Amino acid sequence: MKKTSTRLADGRELVYYDVRGGHGAAERDAVDRRPLDAVATASEIRHDPLLGEWVAVTAHRQARTYHPPADECPLCPSRDGRMTEIPAEDYEVAVFENRFPSLAGPPGPAAAEDGTGLFLRAPGAGRCEVVCFTSDHEASFADLTEERAALVLDAWTDRTAELSALPGVRQVFCFENRGREIGVTLGHPHGQIYAYPFVTPRTGRMLRSAAAHRERTGGNLFDDVVEAERADGRRVVLETGHWTAFVPHAARWPYEVHLYPRRRVPDMTELQADARADFPGVYLELLRRFDRIFGPGEPPTPYISGWHQAPLGPDGGRDWAGRADFALHLELFTIRRTSGKLKYLAGSESGMGVFINDVPPETAAQRLREVASR
């Protein structure tokens, strides 16, 4: 892999990733000639005392780009005199700082707004990046070659290492939103990376469950869940020597798959070479199956795909006790429950956090096995 870091006209970092370095590799020396003003953010985080969770407040994001026509896409290469976020005329994988970030800048102390200490706020520190998987506007991740998918994995891994080293960052989340139904506002195939200044609520719940399981049984919760799913077999969707994909026993979404490496690691930076080599074929197969769930002639399946990685310690350290029990895994799900119908987060889900799933997990797994590539 060849990595080239440069700067956009407003000072944001742009990083190109190319499959091959050395002689013959693409030179990434194109200059961003747009007359851009410096990025101004107004991000803060506020603490919810009832739930013990942080909420980001980002008024500046109201002005972000919203469903531009294809010939004005800011993620396409710069060609024919039209300058975009990526100055090069072509690229393989490109990552840049989001111009409208939810989180940005250095950390700062939390301060109380009143004498009770209930209303805490702090700078919305961290970093948000955009990951462009390909220069082809009409493609999707499922269209990538295994070589290109491996390059994306390399980029995710490199960004995880880089962002984890930033002051104040506690957790790095690499994810893709696909489809207008999900809320995507740019049609170009891309994902995002968030570097949070706190441990996210979902991860915090996982860590508490893992600690309680360790105390109760002496075992690792993630390992035990994966082995129990493999032993049961009904919800296993795909399995290789290095990865296991299954629909979880208590899936929240109509079609939801969790993908685990067979050897537990806390994050992508520690993923072994054999699992890395096996990943592109496994992941591309899962994405292609998702597009076949509802039969021929159906539009592309909207989905969210995200990597769950172990958080860092309060001081940014990797030797934090919470990391030891955590297992890197990917969660992939769609909000489409059947042809032409979406799963909405209505009263029970949004109001009380209790999911109601219309598709039995065993049925979902069976369908995902039926649409396997021949």
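Two strands pair if DSSP finds at least two bridges between them. With that in hand, here are some close-ups of this predicted model.

View 1. Strand S3 covers residues 43–48, and its partner here, strand S4, covers residues 53–58. The two strands are antiparallel and are joined by six bridges. To find your way along the pair, look for Arg 46, which sits opposite Val 55 of S4.

**View 2. S3 and its pairing with S7.** Strand S3 also pairs with strand S7, which spans residues 120–123. This pairing is antiparallel too, with three bridges. A handy landmark is Ile 45, which faces Ala 122 of S7 across the pair. As a reminder while you follow the side chains, those of a regular strand alternate between the two faces of the sheet.

**View 3. The second largest pocket.** This pocket holds about 460 Å³ of space. Its lining is made up of 27 residues, and those closest to the centre are Gly 179, Val 184, Leu 186, Gly 187 and His 188. Sorted by class, the lining has 11 nonpolar, nine polar and seven charged residues.

**View 4. What surrounds the second largest pocket.** Strand S9, residues 171–178, gives the largest share of the lining, with three residues. Where does the pocket lie relative to domain 1 and domain 2? It lies between them, because both domain 1 (2–199) and domain 2 (202–371) give residues to its lining.

Key: Residues numbered from 1 in each chain as written. Predicted model: local features only at pLDDT ≥ 70, side-chain atom pairs only at ≥ 80, totals over all residues. Heavy atoms only, no water. 1 Å grid on protein atoms, 1.4 Å probe; cavity = no way out; pocket = protein on both sides within 12 Å on 5 of 7 lines; lining within 4 Å. Points joined across faces, edges and corners; volume = space filled by probe spheres on them. Helix = DSSP H or I, 4+ residues; strand = E, 2+ residues; numbered from the N terminus. Nonpolar A, V, L, I, M, F, W, Y, C, P; charged D, E, K, R; others polar. Domains from an automatic or database assignment.
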